[in-house]
Amino acid sequence: MKNKAASVSYAPKRSPGPVSAIRVKAAAGNPRRGWLTAGHLTIPVALGRGGILANKREGDGGTPRGSFRPRQLWWRGDRYSRPQTFLPARPIGDTDAWCEDPNDRHYNQPIRLDRGQGGDRLKRADQLYDFIIEIDHNTKPRIAGRGSAVFLHLARDNFGPTAGCVSMTRAAMLQLLKQLGPKTRIIIG
């Protein structure tokens, strides 16, 4: 008789499910730095150069105050395997970009760019956009000038401020992704 124990495979423990909410707050004394809390996980983050703002405007460098939901994960499939997450995930392609022009009908939406076209390309030479969590800031309805391309992404080595996003280390991002799902609320402020 075959040993049944030999045929059992053990998978790594998976989180029981996504957390219901994560919170992002500014650090005391430094509005460009903050803390993200998700369940028992607390991680340092960089915020926008304008701090957390209630009245977000395009180009103000502020991280928008409010409650948002993650829409999907974009990641550099050419650099990393698909990370563990409850979010829908999409690898970043060469032509993937984000429209930040308030006068364009595709404002604050993903777009595809041909070679030589301008725009915020998602496939960058640095590591900042290796993992991007797209959130639903200024999406329903989209209002021109109220801010675009607000993501959770990777931080610069010195944790320098962002243009309005929330950024963190790669290790922290991978831990956070294990806890996020489409119904998780992201509360900033």
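Mentor: Happy to. One definition first: Ala, Val, Leu, Ile, Met, Phe, Trp, Tyr, Cys and Pro count as nonpolar, Asp, Glu, Lys and Arg as charged, and the others, Gly among them, as polar. Also keep in mind that this is a predicted model.

Trainee: Okay, how much space lies in the largest pocket?
Mentor: About 270 Å³. It is lined by 20 residues, and Glu100, Tyr129, Ala163, Gly164 and Cys165 are the closest to its centre.

Trainee: And how does that lining divide into nonpolar, polar and charged?
Mentor: There are seven nonpolar, six polar and seven charged residues in the lining of the largest pocket.

Trainee: Switching topic: what order do the strands have in the open sheet of three?
Mentor: The order is S10-S9-S11, with antiparallel pairing. S10 (110–112) and S11 (120–121) are at the edges with a single partner strand each, so one side of each has no neighbour in the sheet.

Trainee: How many bridges join S9 to S11?
Mentor: Two, with S9 covering residues 96–98. Ala97 has Arg121 in S11 as its bridge partner.

Trainee: Which residues does the cis peptide bond join?
Mentor: Lys140 and Pro141, with omega about 0 degrees. Pro141 is in the loop between S12 (131–135) and S13 (151–154).

Trainee: What about Ala149, where does that lie?
Mentor: Also in a loop, between S12 and S13. Ala149 has a positive phi of about 55 degrees, though not a glycine.

Trainee: Is Ala149 buried or exposed?
Mentor: Ala149 is buried, because its relative accessible area is 6% and the cut-off for buried is under 20%.

Key. Residues numbered from 1 in each chain as written. Predicted model: local features only at pLDDT ≥ 70, side-chain atom pairs only at ≥ 80, totals over all residues. Heavy atoms only, no water. 1 Å grid on protein atoms, 1.4 Å probe; cavity = no way out; pocket = protein on both sides within 12 Å on 5 of 7 lines; lining within 4 Å. Points joined across faces, edges and corners; volume = space filled by probe spheres on them. Pairing = 2+ DSSP bridges. Helix = DSSP H or I, 4+ residues; strand = E, 2+ residues; numbered from the N terminus. Buried < 20%, exposed > 50% of the residue type's maximum accessible area, 1.4 Å probe, protein only.
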